[in-house]
Every structure is written in structure tokens, then in C-alpha cells.
Amino acid sequence: MRVFPPAVLACFASRSLVLATVTAAALLSGGCFRSRMLSPHKSCPADDPNCNTGSGARDAAADGKRDAIADGKRDGAGGTLADGAREGDAAGGRDGKRDGVGGGEPAGDARRDSNGDGPRDGGAGGKRDARSDGIGDGKRDACGPIELCGNGIDDDCNGFADCFDKACMSDPACIDRKKETCDNGIDDDGNGFADCEDPACFGDKACTVPGKEICNNNLDDDGDGQIDCEDPDCVADPICAPVPGAEICDNGKDDNGDGLVDCTDPQCKTFPACLLAACVPDVDFGAIAPSGASVTRAMATTDATASFATCAPPGGVARVGGFSLAVATDVRLDFSQGTGAAHVVALFQAGVGQACDANPVDCLNVKDKTTATHGYVGLAPGSYWVVVQSYPGTAGAATVTLSTGQPGTAEICNNGIDDDGDGAMDCADLDCATAPSCNLCLPDITLGTIVVGGEAKSANIDTTKGQNRYHPDCAGLSDGNDVVVKFSTKETLNLNLDIWQYSGDHAYALFYWPEPGKACDSRRGGCNDLNGEYHARYNWKTFAPGDYVLIFKALAAGEEGSLSLTLTAYPTRGVEICDNNVDDDGDQLVDCADPDCYNLPRCAAPLCMPDEDLGDIDVGTRVSVAVDLTTATKVYRSECGKGDGRGRAYRVNLLAPMTLEFRCTQTGDHVIEISTQTGPLDACDAHITNCSDPINDPGGCNFGFPSLQPGVHYVLISAFASGDEGTMSLTLRGVAEDAPEICNNGIDDDQDGAIDCDDRKCTTDETCRSLRCRPDKNLGLLPLDGSSSAVAVQTSGAGDDQSKSCTSGMGGEDSVVSFELPGDTDLTIDWAQVGDHVFALYEADTVALPCEANIPVDCTATKGTAMGSYRRSLPAGKYYLVVDADRAGSEGGVILQIGGTLAATP
């Protein structure tokens, strides 16, 4: 926001009076204008008390700024009481307030006194004393060396504060000072352009129409590959008229005389400070090279306060990082976050004067996974914002790496591998853009973007000039010719298609734009047979943003002819429909991911949003809460109620193992449950561990939930059935107990280093029986005569059951081989493989545990070598060998030869 000095505000507030009665000297004294705008070049000798400049505006007698020599407009007859309302003599009626004689003013009045020591009094008694005078007697005594932009003070004492000071011209807060109001029909800033025609309004919501080219924001708004003034849509736009001369983008002047200053001039659309005027990033990744680059930045959200429109539920906080690309580039993003954190990573294209989240490109919903990788294919040249935003209450540490592949490594366009590691594979990689195998969908007609409120798009089609290429379902086995029409939408809309068939007979089909390297008819939408009709109309409701093709196909060879089509867009209601897989309300959140759909029968909230946080509970802590279910709206899963009663959730954080004791009185009929939070995105009722029905239980509303472990839990209070809602007065108290191992809560309850089914005490638990180690192949007892036993395993399709081996990445599938050694053995394992695997070896425990809960012995990475061998000395016993793909995608077949000899006696 522009900040004016107080004197400037005073000038604006009383401008009519000033213009009518105040001389140029008075304006200069008040600080309304820069001194160079006036030219009082005359001066007086310092020793001549009667010298006057002759201007009539201010005289030069030594007794005050507005003196009493009878020569000025505000002067009086020197020395008399009646000589002037603003007389400078000590005897005057208003003497002292603005005079220079020290005898008439009351103590401390020297607001604009003339003791000769500064522009505003140097006396020690004034309220605004010594602000700029250098005398050591005031609160703001000395002039600063530089202007601080945005504090409302003229820090360097040059008469100009904040954005009016030349030193602040390049400050993001000052560089694009818009005056134009963008929806009032008036040319507010007087540059000849009103409202959305004024470049000062680009980025303003009143002027942003999805799919319509904005002519100076450095974005391809309508997706036709042409940007700003290069787009034919901008030919008649005033800002694209050629104007000679260069615009200097940070001096506050219209240098080339086109009526556009600094960032409002199209010549400044890539000037860095213009991009920062509306979005200031927390982190700078810099310019990313098109290949061989890798830049890592920390983007923790712990202390963040900003929030943006991303695919995260509202209520989280975010950090913003910026980067730029000089040419179209494939960019890979690697993300990692701390335990307990949950984030999304959203990418936006930067536009001049536009908010950080104005131009969405993609949103990666990482949730609470510790790592994630995503490839952005073919990002256009320009500047971008990376927004890391938390789910509500799950902020934490986060790191982002942007990379553009391995230098000197070429992409092979048909092998199913991201060879150069830039996040784009085969035909999706820019390196393959010209490969013959990748350029398979070439539209005959391109309509551009269909816009709500814009002109309808029409085309004439002649299938006699087409080819027999595609085969929509409703055209059967026709070998007639076809014509392909491409169009795009930028927002959710309703779309109307009118077709007139003048000759021939055709079918028409809608397809989604294909993936690179796929044919135009590879992603089916819908198909219709015109069946000889002259006119057909089809309405698509809630048509999602994207690129599409219409294929018109003659129903048989010889049935080709001519048609015309018109596509018209209409607005939707703008309300999220929760089961159509479309972002109906345009907030980038689809169906159940949209808060508008939470708690509908088919949608559960993605994380618990409790009604109240009751805080920490330790042993002996007592907490009370008044519960009113008559106004509750949520319904939680219930294990001791009917399940349709409304309820409330209360968060508690237990600080020690305990029994949580409940005491309550109630009206109505309620049940009480406790649910454990095992992950930051758990729903309130995701892990119910106990439930009580006070009306039916012998102890009534006087009971305890035992064996609760430290951590976050949710106390759920629900009506037994719909209509039973009432009120409850509830008190919770923590009671000490010894903690046993709970076998399904993801916590090491008894603190012995083993969690859940990995703990020997859980081997008989029902939930752990299915997790016992069951090898895929069993070699039995191995002879120790130097011979080998061979076995083949296939990890592809085997499932990712083991997660604790020494792999370099996550998600690799695995297989398990068991064998037994009759004595101390020098073991040899030889392998031949397809893919890349690691071998994790465990000695079998005496009880039935999951494979990886057994005793670890060794873990060896093959590093992708096709063949290899390693040796290990082992005692007698049973062993499990886990063959684990090094990462997702590196699975394949492995042949093992396992044998050994009796170890030499030491």
C-alpha cells in the first residue's frame, strides 16, 4: 500500500483552499511538492536583515519564516498588533506559533519555529523536535543514510517518504503502484485506458477470463502457443501498438511515451521486480539450466503464515519458491518431509502483477508420505512459483530439489525408461518431440480455447479431403475418411455442440487429447452416429478443463461429405458436485477432496478436524468439557451405537501410558469411543480402539479405557441413534498403569525396541498371524559339500511386502527364499538378474515373526550388475534371504545358486 507523508496528506485533503490562498512558498514549506518543481533562485546576504527576495511570497527579515515586513501577501505593517494574522513580530496575535522570535511563543510550541537550526525546530521543547535537524535533543534526531521503504517516514530527510523517494523506485511494494480501479468504467489514472484495457489491471480478478489472452502478462492464457502481443487476439489491443524507444522498468517514468509506466509497459513483462510486485517468494531456486541442473532448497512450513489455493484442504500454511526457465524444459521435482508432516506441492506460472497462485500448472498431493517425485513435462519458458503447503495442523520440515537430468545422457524414445532422469519418459520427453514414433496425433482443424461468455467457435468440415486413420466405436468397421478437430477449455463449463450435415453420413466422437506417442483416438470420451440427420445437438454438462479432439468419420467409404459445427460454452452453477470426478467450482479440489463435500455419505474428511482440543493429559491430569450434540452436524463410525447419530470429536494428547478415566452426566442417549491417531491425515474415527455405551454398561458413565499409549487420541461422543442427541458434562482423568504391547497401533508400547507384530509378545495375536514369514521358495537343508542349489524368483508382480532392506528407493517389490545350514558354513551366493536388486539376509528367530522381524545378518546391493557373487560365514541355523527390488521399477527375474562348505575349525 502506498504510504504518504503526513504533510502530503494534508495538502491533498485541503487542496482547494491551498490552491486558492497559499503561495508557492507556503507549499514548499509544507512539503507538498519536490523543491525542484519551484525555482526561487534569488538569495540574500546573511548579514542584511532588510533584504527581500522580491518574490512577495516570503520576505527575508531575520525574525521569522513568515515575517512582518510590509511587502508580502501574508505580511502586516511591521511591528503593529493589527498588522497580520500570521505576523512575525513577537507582539503579534498569533506570535510564536509559526514565527521566529523567541519571546512570544509558549514553552514547547515550537512546532514550526525558526531558531535557525533545522526545517522543523531545533529547540529542545517541541513535540516534533529535531526530527531532521541533527541536534541531539529529540527522539528522531539524525537523518538516516538511506530511505526505508514502507515505514511512513522520510528517513533520509530529502522531503520524500517511501514510494515517493527515488531510492524506493525498485522496491516491489512501489514498483507497480496501481491507481486504476478495474471495474468502474473510468480512466482513473488518466493514461487513456479504462478498466481492463489499462495494463495496470492485468491480473485483476475483474479482468481475468479463463481462455482469453491477456496481452501483457507473459503467459499463453488461451493455450494457442502464442504469448501476449505475438497472439493475433492482441492485434487491436492498445498496449501492442508499436512505440519506439525502450522503457526503463524501475524509474517511475513513461520513458517511451506510450502512456504506460514501468511494470504496466509490455516491455517490462519479464523484469524480475515486476514479477515480485504481487508475489514475493521465500526461497529462490534461480535460473534452472535446461539439462544437467540440480538445485535443492529447504522449504519448511513450521513458521509460515501464508496460505494459497492449492489441492490441500483450507487451513494449512505455505512457503513459496521461485525459479525461471530460459527455454522449454522437462523438470523433475523431488520432495521430502519430516515425520508427522503432511504437504502438497503446487506449481504455478508467474505473471506480472498476479498473485502466487493465479496460474496453476499442477498440484502434487504428497499427504504424509516422506518422499515423492514428479516430472513436469515441457514447461514453457518463463518464471514459476513452487508452493509447499501443509494440511491443517501438519506443518513441518520440507525439502525440494529441482533437476533437469544427467548431462550427456540422451533419452531413448521407445524403451519405457526415463534414460536422462529429467522426469519425462520416452515420447513425453522433449528430446523425443521430433521422433517419428511420437508425433502421432496431428489435428486437421484447431479451434483454440472455448470461453464462457466468449464467441462461439465454428468450423467447416469436408471428409472427402480427409484420410482413413481412426476408428471410433460408433463408426464400426468403416473404412471411410475422417477429419480431426482440436479444441481446449480452461475452466469447468457446460458445452453445447451443434452439427449440420449437408452431405454424406457420419459419426462423430469426442476424445481426450492423447498422451505423447499415442493416436488421436486412444483416450475415448463418447461417440454418436448422426444416422443421416441434418442437424444434431449435444450438451455436455460440467465439462472439465483440458484439451480434446472431435473425430468426424464417414460411416462407409463413399459416404464422405461436408458438415459444419459450432461449439458454445455456458457457465455452470459453480457448486461442487461430489461424485463426477470434475472440479465443478474451480478451486482445484475434486469431489471428496473438496471441503464442500466433507461428511456427505460417500465422503469422509481427509483428516480429523476436532470440535475442541483438550490439550495434554498426564497421569493425574483432570480435564472437563461441556458437550452439546443438539447442534452437531458430523456423523462418526460407531462400534457400540447404531451409527447414524450425530457426534463431536475432542483431541487429547496423552503424555504417558495410562488408563483414561471417564465420568459424565447426560441428557439424551450417547456412546463414547476413543480413536488413536497413527498418521497426521487420519480421520477422527480411523482407528477406534474402545467403545462404551453408558446407558447399557453396568458402571454407567463411570468407566476407564485401559492400555492407552502416549500420543494423540480422539474422544468421540455420538448419539446412540439419530434423534437421541442431547447434552453431556464430561470429565477425563489420567490413571497410571503398566503398558503392555498393543499389536496393531504402530507404537512400541512397552519400549523394548520392537513394534506391533515385530514384537515377540505379539506372535499369538490374531492380527499378526497373517504377517508371519512365509517364503516364496524353500531350499530346505543345504549340503555342505561344495554343491549348489539353484532357485529362480520373479520380483515383478510379487508385491512390496518387505521395507527394511538396504534399497536406495521405496516401493520395490520382493520375494523371499529360505534355507537351512546343518553346521558352521562358508556360504556362497551367485546371482544372475534382470533389473536391480538387493539381498537382505536374516537368521530365523525361534518364534514365528514377520521376515524382517527376524535377526538381521547382512544386506548386499547388486548395483544393477547382471551377474555377481558374494560369500559369508554363517553359523548353523535357518535363514531367510529377501530378494528386494532396489526401487520401484527395477523389478525383474533373479536366478540364485546357493551352496557352501563346512567352515574350517579355528
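This is a predicted model: local features need pLDDT of at least 70, side-chain atom pairs count only at pLDDT 80 or more; totals for chains, interfaces and linings use all residues.
Arginine 663 is partly exposed, its relative accessible area being 31%.

## Salt bridges around arginine 469

Side chains of opposite charge can pair when their charged atoms come close. The structure holds 17 salt bridges. One of them joins the side chains of arginine 469 and aspartate 444, with an N to O distance of 2.8 Å. Arginine 469 lies in the loop between strand 11 (457-462) and strand 12 (482-489), and aspartate 444 in the loop between strand 9 (398-403) and strand 10 (445-450), so the bridge ties together parts that are 25 residues apart in sequence.

Arginine 469 is partly exposed at 23% relative accessibility. Aspartate 444 is partly exposed as well, with a relative accessible area of 41%. Both residues belong to a network of salt bridges that also includes Asp482 and Lys553.

## Aromatic rings

A pair of aromatic rings is described by the distance of the centres and the angle of the planes. A search of the whole structure finds 14 aromatic pairs. Among them is the pair of tryptophan 540 and phenylalanine 543, with 5.6 Å from centre to centre and 50° between the planes.

Tryptophan 540 and phenylalanine 543 are both buried. They are members of one aromatic cluster, which also contains Phe487, Tyr512, Tyr538 and Tyr548. Another ring, that of tryptophan 513, has lysine 486 over its face, at 4.1 Å from the ring centre.

## Threonine 566

Threonine 566 is located in strand 18, which spans residues 562-570. Its relative accessible area is 16%, so threonine 566 is buried. The side chain of threonine 566 makes a polar contact of 3.0 Å with the side chain of serine 458.

Leaving aside residues up to four places away in sequence, threonine 566 touches Ala456, Lys457, Ser458, Asn496, Leu497, Asp498 and Trp500. Serine 458 is therefore both a residue touched by threonine 566 and its partner in the polar contact.

## Asparagines with positive phi

Asparagine 531 is not a glycine, yet has a positive phi of about 55°. This residue is found in the loop between strand 15 (524-529) and strand 16 (535-543). Its relative accessible area of 58% is over the 50% limit, so asparagine 531 is exposed.

Asparagine 581 likewise has a positive phi, of about 60°, although not a glycine. Its loop runs between strand 18 and strand 19 (612-617). Asparagine 581 is exposed, with a relative accessible area of 63%.

## Glycine 144

Glycine 144 sits in the loop between helix 3 (24-30) and helix 4 (172-175). A relative accessible area of 25% places glycine 144 in the partly exposed class.

The C-alpha atoms of glycine 144 and aspartate 154 are 8.9 Å apart in space, while the two residues are 10 residues apart in sequence. When residues up to four places away in sequence are not counted, glycine 144 touches Asp155 and Asp156.

Conventions. Residues are numbered from 1 along each chain as its sequence is written. Side-chain values use heavy atoms; hydrogens and water are left out. Helices (H or I, at least four residues) and strands (E, at least two) are DSSP runs, numbered from the N terminus. Buried means under 20% relative accessible area, exposed over 50%, partly exposed in between (1.4 Å probe, protein chains only). A polar contact is a pair of N or O atoms within 3.5 Å; within protein, one must be able to donate a hydrogen and the other to accept it, and residues adjacent in sequence count only if both atoms are side-chain atoms. Contact means heavy atoms within 4.5 Å. Rings of Phe, Tyr and Trp (its six-membered ring) pair if their centres lie within 6.5 Å; planes under 30 degrees apart count as stacked, over 60 as edge-to-face and the rest as tilted. A charge sits over a ring if NZ of Lys or CZ of Arg is within 6 Å of the ring centre and within 35 degrees of the ring normal. A salt bridge is a side-chain nitrogen of Lys or Arg within 4 Å of a carboxyl oxygen of Asp or Glu.
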